[in-house]
2 protein chains.
Amino acid sequence: MITLEHCQQLDLQDPLRALREQFNLPSGVIYLDGNSLGALPKSTAARVAQVVTQEWGQGLIGSWNEAGWFDLPQRLGDRIAPLIGAAAGEIVVTDSTSINLFKVLSAALQIAKSADPARLRVLSERDNFPTDLYIAEGLCRAQGGTLELLEAGQLAAALAPEAAQDVAVLLLTHVNYRSGAMHDMAALTAAAHRAGVLTVWDLAHSAGAVPVNLKADQADFAVGCGYKYLNGGPGAPAFVWVSPQHADRFWQPLAGWWGHAAPFAFTPDYQPASGIARYLCGTQPIISLSALACGLDTFSAAESLGGMAALRAKSLALSDLFITLVEQRCAGHGLTVVTPREHGRRGSQLSLAREQGGYAIMQALIARGVIGDFRSGDGKQRADILRFGLTPLYTGFEEVWQALEQLRQVLVSGEWQRSEFSLRKVVS
Amino acid sequence: MITLEHCQQLDLQDPLRALREQFNLPSGVIYLDGNSLGALPKSTAARVAQVVTQEWGQGLIGSWNEAGWFDLPQRLGDRIAPLIGAAAGEIVVTDSTSINLFKVLSAALQIAKSADPARLRVLSERDNFPTDLYIAEGLCRAQGGTLELLEAGQLAAALAPEAAQDVAVLLLTHVNYRSGAMHDMAALTAAAHRAGVLTVWDLAHSAGAVPVNLKADQADFAVGCGYKYLNGGPGAPAFVWVSPQHADRFWQPLAGWWGHAAPFAFTPDYQPASGIARYLCGTQPIISLSALACGLDTFSAAESLGGMAALRAKSLALSDLFITLVEQRCAGHGLTVVTPREHGRRGSQLSLAREQGGYAIMQALIARGVIGDFRSGDGKQRADILRFGLTPLYTGFEEVWQALEQLRQVLVSGEWQRSEFSLRKVVS
């Protein structure tokens, strides 16, 4: 049986332990929701104050040049690149994940159609993050395509070359937002390519959480989120990557002046910039963009300690510990671990299903200072889910112990059945 | 002849003079570029610090509910509504102006097409802000329409019912970014409607600068900018308004989860929210959004002093003074006032054309602490332009005098011809 002392020992032996000092976390709270909103880096407040007071207040319009606001989308993209196996110059940080998905899926559909007009189907997963499906649905309707939703286990068969002759794009989120299950990007991309299908990967729950190798895995397009594991702050702008082989091949439809070849020539006709810059559209929110730089700084300190490989090793150790403690100390209370046990299929969150009461249990847990979140099922195929993000930059092993101890007490005491915990909030 | 003393007297008599105290402006600078980037309100730094340190740092994920992040786009929209003649519940603040234009122009084209499939032309102005034309060009290409660019003087004829039978949409920027000329929204909208044409208005240079009456003028769609006259900070999110008669009629193509009828149900199929909420797409940059609230606060203080009508009166007095001083004190140096002299056709900026040397003159002026900006011509029809934004919340009459005095000295001395002033910056 694992003990508290053992977990404390794991913290003492953790080579990444000092990285937590980069963050301001509220006292008395165990924060296991960095998969939804990353924690605040200590450097962010001062940097944001500088942007507001100095760069905007004193520098005014001149800061577009002098403070480098104008190329911030590219400079931040260059810093994300090594976290996801891309190269500098291939990523811009801009807009939201949904809007970036619209851009790359449009491009992918046009490329597919230009190669073979019969390729009109988009394959995705029923359990993909809904906004990805909404964007795909809207694009398919506008362009005459169809969106087909499969279970994860059906993907391999659907990508068999004889079955996929009319498929244009495989659209997947690499790590599932509910279950924490991770797809094999290399294998699925290879299967897609064998069938002549392009791949679009949503890295919202991957970037900064698990090693990603877009170029080695030969992915075609990717988007991702700045405010989860990258610690960029609430609603931080998102990023978009396009394989250099595709970047110049299509004019994405959100063709605004920031993506123009000569944005300050103010010519009435659009000429797309070369490369990834054409995936920019309008002026970006500089204060929020600047905060993301501080989130990325928290990864710089990890570089000398082994970088993403070391973060991944710790993440898996944390989630292994979580699973073991659920089994050893919370058994008999109706909880099922739905995140895959196989390391190669696990992201950096741990999800527990329960037939009913999941929302109230999470609320009771939050009242005890352990912050995870809840994702509702559909009452049929999809179970209610308790989600716990394990963010190796700032989550400790003793915290996992304490979180499970609080969960055990919530379950044993039955306090979650008090009426106050079942009141739904707007954002649950 | 107008004297410095006269201008100082105008400041003393200015009932809005105290409003300037709401802003932090650098000492020794006359800032006449609020039409490009509004000045920093004094309250913004503390508010942004609170959002970062308290709401994000301490409140973490709970702030989506407890700090009201989730409905910030609607709450900010409600505050913009009275500035542009719209009602609460009709505006959301989100994304960029370019992206919001994509949404409303898509909606307008679909509505027009559903009423009459032959209506496929979009009319706009050659001198419209280029990103508006780029977005329209992209949409027309995707949807089989055509974009036709006219000179302002050709619009009335093009909107004659017999000439406009195949026109879907009239897309105009209300106040021109280069010349400062203002369209007659009521008259053009009425002419468009007589011809069965919908109107899309870009209010980037209008909102907070001139009175706008979207509903009284029966406009159909509008977008606008948060970082110019609304003082929201660099790249602040933009806004979008849709006439209630159209808001529920179309499913805009950037259909993301924030525009879903039940965003937290996480259903795989998209159901648009009712009303303007369906014009939301993905998660918004909360820090930048929060800063915009402080920009809007600077208008609240103007309410008891006469609101937009009083601001407009001061703006016109400032630009009248500017024109008179150009004529009295800068004559003989090749400058032409291109902003209309007629009050009903003038926005809140003053633009001067010069055959050559405009860029270097502006750089020399900036070196003397007078900040305006420069917009390049095309060497043919469009002249080079020196732009001066006159923002009645913080620009004073003596400042106009001093700005013109510095401009006079730049011209008389010939110092602008020094090589240092002709070096182009990235963002000019």
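Trainee: Where is B:Gln218 found?
Mentor: B:Gln218 is in the loop between strand S8 (198–202) and strand S9 (221–224) of chain B. Keep in mind as we go that this is a predicted model.

Trainee: What makes B:Gln218 count as partly exposed?
Mentor: A residue is buried with 20 or more other C-beta atoms within 10 Å of its own, and exposed with 12 or fewer. B:Gln218 has 16 such neighbours, so it falls in between and counts as partly exposed.

Trainee: And what is there to say about phi of B:Gln218?
Mentor: Phi is near 60° there, a positive value in a residue other than glycine. A:Asp95 also has a positive phi, near 55°, and is not glycine either.

Trainee: Where does A:Asp95 sit, and is A:Asp95 buried or exposed?
Mentor: A:Asp95 lies in the loop between strand S4 (91–93) and H5 of chain A. Its C-beta neighbours inside 10 Å number 34. The cut-off for buried is 20 or more, so A:Asp95 counts as buried.

Trainee: Why is H5(A) called largely enclosed?
Mentor: Because 14 of its 19 residues are buried, the rest of the structure largely encloses H5(A).

Trainee: How many residues of H10(B) are buried, and how does its reach compare with the expected value?
Mentor: H10(B) has 18 residues and runs 26 Å from its first C-alpha to its last, close to the 26 Å expected. Of those 18 residues, 13 are buried, so H10(B) too is largely enclosed by the rest of the structure.

Trainee: Why are H1(A) and H13(A) called roughly antiparallel?
Mentor: Helix H1 (residues 4–13) and helix H13 (residues 397–413) of chain A pack at an angle of about 150°, with their axes 7 Å apart. Angles over 145 degrees count as roughly antiparallel, so that is the name this pair gets.

Trainee: Which residues make that contact?
Mentor: H1(A) brings A:Leu4, A:Cys7, A:Gln8, A:Leu10 and A:Asp11, while H13(A) brings A:Phe397, A:Glu398, A:Val400 and A:Trp401. By class, the contact has six nonpolar, one polar and two charged residues.

Trainee: Is B:Leu335 buried or partly exposed?
Mentor: B:Leu335 has 19 C-beta neighbours inside 10 Å. Buried needs 20 or more, so B:Leu335 counts as partly exposed. B:Leu335 lies in the loop between helix H11 (307–329) and strand S11 (336–337) of chain B. Not counting residues up to four places away in sequence, B:Leu335 touches B:Val326, B:Cys330, B:Leu352 and B:Arg354.

Trainee: One of the contacts of B:Tyr31 was A:Leu60, in chain A. How many residues of each chain are in contact with the other?
Mentor: The contact involves 72 residues of chain B and 73 residues of chain A. On the chain B side, H2(B) gives the largest share, nine residues. That side divides into 41 nonpolar, 23 polar and eight charged residues.

Trainee: Last one: which domains does chain A have?
Mentor: The domain assignment gives domain 1 (4–40 + 307–422) and domain 2 (70–299) of chain A. Their contact takes 25 residues from domain 1 and 21 residues from domain 2. On the domain 1 side, H11(A) gives the most, with four residues.

How values were computed: Residues numbered from 1 in each chain as written. Chains lettered and ligands numbered in written order. Predicted model: local features only at pLDDT ≥ 70, side-chain atom pairs only at ≥ 80, totals over all residues. Domains from an automatic or database assignment. Contact = placed C-beta atoms within 7 Å. Helix = DSSP H or I, 4+ residues; strand = E, 2+ residues; numbered from the N terminus. Nonpolar A, V, L, I, M, F, W, Y, C, P; charged D, E, K, R; others polar. Axes fitted to C-alpha atoms, helices over the stretch in contact; angles between N-to-C directions. Parallel < 35°, antiparallel > 145°, perpendicular 65-115°, else oblique. Expected span 1.5 Å × (residues − 1).
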